[in-house]
Amino acid sequence: MPEAKSQRYYAVRTGRTPGIYRSVTECQAQTSGYPRAKCKAFSTQDDASAWLTSTSPETTFPTTTAATVEKNQAKATRYYAVAVGWTPGIYTDSALALASHMGYKGAKCKRFNTCAEAEVYMRMHNSGNVNISSSSNFPQSPIW
């Protein structure tokens with residue numbers, strides 16, 4: 001019997017407890033705040049299982065290397081506000097911003113030239129409930 005189209009399977013490759021979960025809430029409990037967490041949504045359990053066991057680089061979220069960080073710092077700083085996604089926040093690294101909402105249904109994100117503009121966008125979507133943190137202490141986390 002075919003599976004219902006609305007049913008989603010959330011595979012957590014890197015998180016507190018890797019595995020396949022049936023709800024976004026369960027998936028977020030395993031990945032929220034976990035450094036370099038990797039998760040993805042699928043329409044079938046077989047696809048989710050295949051992704052968990054795959055080692056193909058195309059199936060993982062983008063990672064940031066030291067060279068990428070230096071290259072991004074040399075360019076004019078852009079701010080990426082992810083208001084709705086796996087890890088909401090303001091990012092200065094486009095790959096991390098992409099990873100924070102990739103595969104998240106209904107994600108809301110936007111690029112800005114200033115941090116102040118990104119903060120306004122975040123407050124519009126989150127009622128100011130997101131804490132601001134410094135990116136210099138932990139560069140792979142959002143700065144807001």
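Colleague: Which strands form the open sheet, and in what order do they stand?

Modeller: In general, strands of a sheet pair through backbone hydrogen bonds, in a parallel or an antiparallel way. Here three strands make an open sheet in the order 5-4-6, with antiparallel pairing. Strand 5 (89-91) and strand 6 (108-112) are at the edges with a single partner strand each, so one side of each has no neighbour in the sheet. From one strand to the next, the twist averages 20°. Two strands count as paired if DSSP finds at least two bridges between them. Strands (E, at least two residues) and helices (H or I, at least four) are DSSP runs numbered from the N terminus. This is a predicted model, where local features need pLDDT of at least 70, side-chain atom pairs count only at pLDDT 80 or more, and totals for chains, interfaces and linings use all residues. Residues are numbered from 1 along each chain as its sequence is written, and side-chain values use heavy atoms, leaving out hydrogens and water.

Colleague: How many bridges join strand 4 to strand 5?

Modeller: Three bridges join strand 4 (residues 79-84) to strand 5, and the two run antiparallel. For Ala-81, the bridge partner in strand 5 is Ile-90.

Colleague: Which strands does helix 4 lie across?

Modeller: Angles run from 0 to 180 degrees between N-to-C directions, with axes fitted to C-alpha atoms, for helices over the stretch in contact; contact means heavy atoms within 4.5 Å. Helix 4 (residues 94-101) lies across strand 4, strand 5 and strand 6, at about 10° to strand 4. Helix 5 (residues 115-126) lies across strand 4, strand 5 and strand 6 too, at about 5° to strand 4.

Colleague: Which side chains meet in a salt bridge?

Modeller: The rule asks for a side-chain nitrogen of Lys or Arg within 4 Å of a carboxyl oxygen of Asp or Glu. By this rule there is one salt bridge, between the side chains of Glu-119 and Arg-123 (3.8 Å, N to O). Both residues lie in helix 5, four residues apart, about one turn of the helix.

Colleague: Is Thr-31 buried or exposed?

Modeller: Buried means under 20% relative accessible area, exposed over 50%, and partly exposed in between (1.4 Å probe, protein chains only). Thr-31, in helix 1 (residues 24-31), is buried, at 6%. Arg-123 is partly exposed, at 41%. Thr-31 touches Val-12, Thr-14, Arg-16, Ala-37 and Cys-39, leaving aside residues up to four places away in sequence.
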